[in-house]
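Keep the viewer open as you read.

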Amino acid sequence: MKLAMLCGGHSSERPISFKSARSIVESLENTPPFLLIDTGRSEVFTDFDSQMRKNPLPPSPALVKKLLSHLEIHGIEKVCIMLHGGTGEDGHIQALLDLCRIPYTGSGMGASHVGMDKVLSKIIMEYYHVPTPPWTYLSKKGHTPPAPPFPLPVIVKPASEGSTVGLTKIEKECGWERAVEEAFQADDHILVERYIPGRELTIPVDETGAWPPVEIQPQKGLYDFESKYSEGMSRYICPANIIPSLLEKMNRDALLLYEKMRLQGVVRFDIRLDREDYFFLEVNTLPGMTSLSLVPMSFQAGGISYRELIQRIFYG
Ligand SMILES: Nc1ncnc2c1ncn2[C@@H]1O[C@H](COP(=O)(O)OP(=O)(O)O)[C@@H](O)[C@H]1O
Ligand SMILES: [Mg+2]
């Protein structure tokens with residue numbers, strides 16, 4: 001089967017996508033080659049170092065046409081989507097591939113879109129009684145209240161950005177206006193959530209079930225961009241030490257959401273745990289896949305090596 005891997009893209013997570021793709025390529029050294037395509041430039045490439053130095057090109061019909069022509073010329077029969085954030089994760093690329101009848105890894109268009117939008121995801125969580133932090137929705141076109149709607153601290157974040165871009169924890173009321181402004185710079189739709197103190201967890205799920213939970217201990221404050229991507233800025237414990245009855249409940253809710261949100265492939269739920277009360281924050285439909293990422297860590301604890309995990313994603 002002729003395979004292609006899409007990476008790079010236009011989002012703020014472009015460098016992370018290249019890192020995931022590069023780890024995968026390195027792990028598959030003895031298997032048949034596949035085509036690497038940077039969707040941010042619609043370029044076929046082989047050298048990660050030089051591709052990562054290039055900026056994405058402005059989206060246009062010509063850029064989309066070029067992407068499709070690569071798929072056509074090379075007779076691509078299946079695509080592995082290793083894009084993070086933006087149009088690669090929110091259903092756009094998935095829709096384009098659906099129109100071409102080319103199968104791809106991960107969730108479909110609708111589930112990707114809902115998964116990327118924290119407002120829509122939280123509405124589904126509430127519908128199925130899965131605990132999520134109390135929240136309100138603000139739109140750029142609508143009214144912004146002069147003060148936070150919950151007792152401080154609160155979290156202000158864009159509905160559809162990843163990697164903690166535009167997210168602020170407000171501890172003093174004077175930070176409200178600036179936090180809202182910053183979140184609106186990333187998205188026209190934002191949410192304000194009650195801050196949940198306590199522990200930070202993430203649980204990968206795929207068609208076969210929930211995988212061991214990972215606890216994340218950022219060295220300072222929030223699990224933000226720096227804590228996520230700088231070495232030594234966070235400590236990871238896997239499997240996290242959680243009382244079995246509590247873990248069972250969280251896993252049950254994670255599997256319920258996986259089914260109801262119609263997710264596919266490997267996803268990751270981010271969760272806060274305040275003593276014995278847990279709160280689902282979001283789902284990541286295209287989680288990071290470098291050999292040091294959280295999903296590979298969890299699968300490793302579940303007895304699946306990085307290489308096996310990649311084989312499952314790619315060829316499964
Ligand atoms: N309501 C909240 N209470 C406590 N911490 C939060 C809350 N919302 C977000 N955070 C912190 O910010 C991080 C990023 O938020 P998240 O909702 O997962 O968005 P994303 O990962 O897409 O930026 C979380 O991992 C957590 O550390
Ligand atoms: Mg997250």
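Where is Pro153 found? It sits in the loop between strand E5 (135–139) and E6. The labels come from DSSP runs, numbered from the N terminus, with helices (H or I) needing at least four residues and strands (E) at least two. What puts Pro153 on the tour is its peptide bond: the link between Leu152 and Pro153 is cis, with omega at about -5°.

Some housekeeping before we go on: this is a predicted model, where local features need pLDDT of at least 70 and side-chain atom pairs count only at pLDDT 80 or more, while totals for chains, interfaces and linings use all residues. Residues are numbered from 1 along each chain as its sequence is written, chains are lettered from A and ligands numbered from 1 in the order in which they are written, and side-chain values use heavy atoms, with hydrogens and water left out.

Zooming out, the protein chain splits into domain 1 (3–105), domain 2 (115–130 + 197–315) and domain 3 (135–194). Those bounds come from an automatic or database domain assignment.

Now for ligand 1. Domain 2 and domain 3 both contribute residues to its shell, so ligand 1 lies between them. There are 21 residues around ligand 1, and Lys118, Lys157, Thr164, Glu193 and Glu200 come nearest; a residue counts as near if one of its heavy atoms lies within 4 Å. By class, the shell has eight nonpolar, three polar and ten charged residues. Here Ala, Val, Leu, Ile, Met, Phe, Trp, Tyr, Cys and Pro count as nonpolar, Asp, Glu, Lys and Arg as charged, and the others, Gly among them, as polar. As for secondary structure, strand E6 (154–158), strand E8 (189–194), E13 and E14 each supply at least two residues of that shell.

An N or O atom in the side chain of Lys157 is 2.6 Å from an oxygen atom of ligand 1. Lys118 has a polar side-chain atom 2.8 Å from a ligand 1 oxygen atom, and for Asp270 the corresponding distance is 3.3 Å. Taken alone, ligand 1 exposes 540 Å², and the protein buries 98% of that. These areas come from the Shrake-Rupley method with a 1.4 Å probe, and for residues only the protein chains shown count as cover.

Together, Asp270 (OD) and Glu282 (OE) coordinate the magnesium ion (ligand 2), at 1.9 to 2.0 Å. Asp270 lies in strand E13 (residues 267–274) and Glu282 in strand E14 (residues 277–284), so the pair ties together parts that are twelve residues apart in sequence. Donors are N, O and S atoms within 2.8 Å of the metal (3.2 Å for Na, K and Ca), and water is not among the atoms, so sites may look incomplete. Are these two residues buried or exposed? Asp270 is buried at 8% relative accessibility, and Glu282 is buried at 14%. The cut-offs are under 20% relative accessible area for buried, over 50% for exposed, and partly exposed in between (1.4 Å probe, protein chains only).

Between E13 and E14 there's a loop, and Arg275 is in it. Arg275 is exposed at 71% and has a positive phi of about 50° although it is not a glycine. Arg262, in the loop between H10 and E13, has a positive phi too, near 55°, and is exposed at 67%. Most residues other than glycine have a negative phi, and most peptide bonds are trans.There's another cis bond to visit, joining Cys238 and Pro239, with omega about -5°. Pro239 is in the loop between strand E12 (234–237) and helix H10 (244–260). Cys238 and Gly302 are 64 residues apart in sequence and 9.7 Å apart in space, C-alpha to C-alpha. Gly302 is in the loop between H11 and helix H12 (306–315). In helix H11 (residues 294–301) you'll find Ser298, which is buried at 0%. A polar atom of the Ser298 side chain lies 2.7 Å from the backbone oxygen of Pro212.

Technical notes:
A polar contact is a pair of N or O atoms within 3.5 Å; within protein, one must be able to donate a hydrogen and the other to accept it, and residues adjacent in sequence count only if both atoms are side-chain atoms.
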